[in-house]
Amino acid sequence: MVATRLETRGAWISFKKPILKALPVIDLDALGANQLDFLAREFDEVSAHELLPFAQMAGDSTRARIDAIWSEASGIGKIGPIRELLGREPVVGLKRI
């Protein structure tokens with residue numbers, strides 16, 4: 001989504017509907033019953049925790065837990081390094097190059 005955003009004024013951004021329709025999303029219907037049960041249990045636990053702002057995502061323990069949950073449920077491997085790299089991206093981290 002970061003790559004498809006349209007700059008507006010200040011810190012605000014915009015997304016056009018055709019762009020949003022083309023974005024890939026997780027197909028929850030493709031997950032098995034055990035995966036869905038696991039995700040539901042983990043959601044109940046993690047939903048009580050607050051997320052830090054995007055600019056602090058690299059060190060956000062709640063986001064790290066969510067990454068670990070998705071990694072375990074999907075079997076895609078560790079995705080924490082992607083979050084850490086994204087957190088260093090200037091637009092997300094609100095840092096000038």
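What share of the contacts in the protein chain between residues at least 6 apart in sequence join residues at least 24 apart? I looked this up, and the share is 36%, where contact means heavy atoms within 4.5 Å.

**Ground rules.** I am reading a predicted model, where local features need pLDDT of at least 70, side-chain atom pairs count only at pLDDT 80 or more, and totals for chains, interfaces and linings use all residues. Residues are numbered from 1 along each chain as its sequence is written, and side-chain values use heavy atoms, leaving out hydrogens and water.

**Layout.** I found 5 helices and 2 strands in the protein chain, and from the N terminus on they run β-β-α-α-α-α-α. Helices (H or I, at least four residues) and strands (E, at least two) are DSSP runs, numbered from the N terminus.

**Burial.** I noted that buried residues make up 20% of the 97 residues in the protein chain. Buried means under 20% relative accessible area, exposed over 50%, and partly exposed in between (1.4 Å probe, protein chains only).

**A residue in helix 2.** I then turned to Leu36, which lies in helix 2 (residues 33-46). Is Leu36 buried or partly exposed? Leu36 is partly exposed, because its relative accessible area is 36%.
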